[in-house]
Protein chains: 2
Amino acid sequence: MEFSSKLLENAVNEMSQLPGIGKRTALRLVLHLLRQPKEQTLDFTKALNTMRSEIKLCKSCHNISDTDICDICANPNRTENIVCVVEDIRDVMAIENTSSFKGLYHVLGGKISPMDGIGPNELNIYSLVEKVKQGRISELIFALGSTMEGDTTNFYIYKQIQGCDVKTSTIARGISVGNELEYTDEVTLGRSIINRIPFEASLKS
Amino acid sequence: MEFSSKLLENAVNEMSQLPGIGKRTALRLVLHLLRQPKEQTLDFTKALNTMRSEIKLCKSCHNISDTDICDICANPNRTENIVCVVEDIRDVMAIENTSSFKGLYHVLGGKISPMDGIGPNELNIYSLVEKVKQGRISELIFALGSTMEGDTTNFYIYKQIQGCDVKTSTIARGISVGNELEYTDEVTLGRSIINRIPFEASLKS
């Protein structure tokens with residue numbers, strides 16, 4: 001792309017560093033900012049800068065927070081010895097939306113993925129294992145995405161806490177509510193048959 | 001969406017003001033910035049702020065530029081009395097990429113669109129009409145998108161310069177190079193038959 005302005009080119013190059021934003025989209029977004037009042041660009045950049053410099057991670061669960069201990073960990077009404085292990089804040093938000101979990105979270109910050117150079121030391125695994133070893137957790141729920149990396153991470157943590165007095169579970173894999181059998185992939189369908197649940201239990205949920 | 005951090009929420013809200021960026025995408029982009037070094041966010045916001053505050057429009061053609069007169073208008077090798085009328089800088093870039101036009105441009109900054117509250121006064125039409133009336137232009141090429149708004153804008157300018165000694169043309173509408181007849185829409189195909197060109201002329205291009 002040939003730009004008539006170096007300033008425009010810089011802005012487009014920076015914008016296109018964001019994932020999923022190509023040069024063309026970046027140009028469209030930058031031209032949009034140019035058509036808006038200057039204040040919008042100022043507000044936008046100020047919000048990003050403030051967030052980047054002032055945001056904290058909860059010292060207990062590693063979730064994004066404005067305070068040292070996040071609202072969920074600080075809430076006395078939550079069951080603190082049931083901990084749900086998730087990848088990042090988006091999973092916390094998704095589970096919180098369901099209102100079906102009243103324990104605490106532990107945010108790993110990613111999944112073990114040798115292909116991307118992410119090993120156990122890049123994730124918040126050590127502090128989780130410590131919590132388990134100190135006997136502060138009675139049940140650990142693995143809620144990572146159902147991928148090779150997710151399964152590897154689950155298994156790694158499981159191995160680390162073997163011998164500790166802790167119940168472990170993973171969220172159920174199965175057919176989505178509202179889905180037809182014939183459109184479900186065979187791995188999911190196979191697992192949903194192997195891990196079938198008592199009919200009486202299904203009536204309750 | 002319930003956020004665990006006000007700073008994160010602000011950043012996501014500002015990011016989702018951009019066209020085509022919803023809350024979910026905005027969250028994904030903001031989390032990406034959080035995973036990168038602080039410098040990336042600083043460089044990004046600085047590039048946007050500098051661009052928004054220092055960028056200029058060429059005083060002659062209204063294209064985006066770092067100087068008062070843009071590089072194209074200032075180039076002595078370009079034919080200055082042939083002017084191509086376009087909507088915005090993206091069209092200038094697209095035509096410049098073809099290397100088939102050696103005249104100057106006039107950037108309108110949009111198309112007449114009463115539905116969006118854009119009338120002739122919101123666009124750079126007056127200065128174009130003035131140039132024509134001063135006899136500085138011998139040919140005007142309308143190169144707006146082939147939409148109702150584009151045609152309206154073309155016609156409005158055409159009416160304004162009636163009686164002036166200027167040749168007007170529009171870029172050809174027809175079947176894209178490489179396209180099959182059967183997949184072309186009927187309006188385009190119909191126009192391409194009505195505006196057929198001598199076979200000898202087609203051999204040259």
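A salt bridge is taken here as a side-chain nitrogen of Lys or Arg within 4 Å of a carboxyl oxygen of Asp or Glu. The structure is a predicted model, in which local features need pLDDT of at least 70 and side-chain atom pairs count only at pLDDT 80 or more, whereas totals for chains, interfaces and linings use all residues. Residues are numbered from 1 along each chain as its sequence is written, chains are lettered from A in the order in which they are written, and side-chain values use heavy atoms, with hydrogens and water left out.

Between chain B and chain A, the count of salt bridges is zero. The area buried between these chains (accessible area, 1.4 Å probe, lost on being put together and summed over both) is about 5,000 Å², and carbon and sulfur atoms give 69% of it. Contact (heavy atoms within 4.5 Å) involves 51 residues of chain B and 51 residues of chain A.

On the side of chain B that touches chain A, two or more residues come from each of α1 (6-15), α2 (23-35), α3 (38-54), β2 (64-65) and α5 (89-98) of chain B; helices (H or I, at least four residues) and strands (E, at least two) are DSSP runs numbered from the N terminus. The largest contribution is that of α3(B), with 15 residues.

Over all chains, the structure holds twelve salt bridges. One of them pairs A:Glu139 with A:Lys167, whose closest N and O atoms are 3.9 Å apart. Because A:Glu139 lies in strand β5 (residues 139-142) of chain A and A:Lys167 in strand β6 (residues 167-170) of chain A, this pair ties together parts that are 28 residues apart in sequence.

In chain B, strands β5 (residues 139-142) and β6 (residues 167-170) run parallel and are joined by four bridges (pairing requires at least two DSSP bridges). B:Glu139 stands opposite B:Lys167 in β6(B).

Terms used:
Buried area is the accessible area (1.4 Å probe) that two parts lose on being put together, summed over both.
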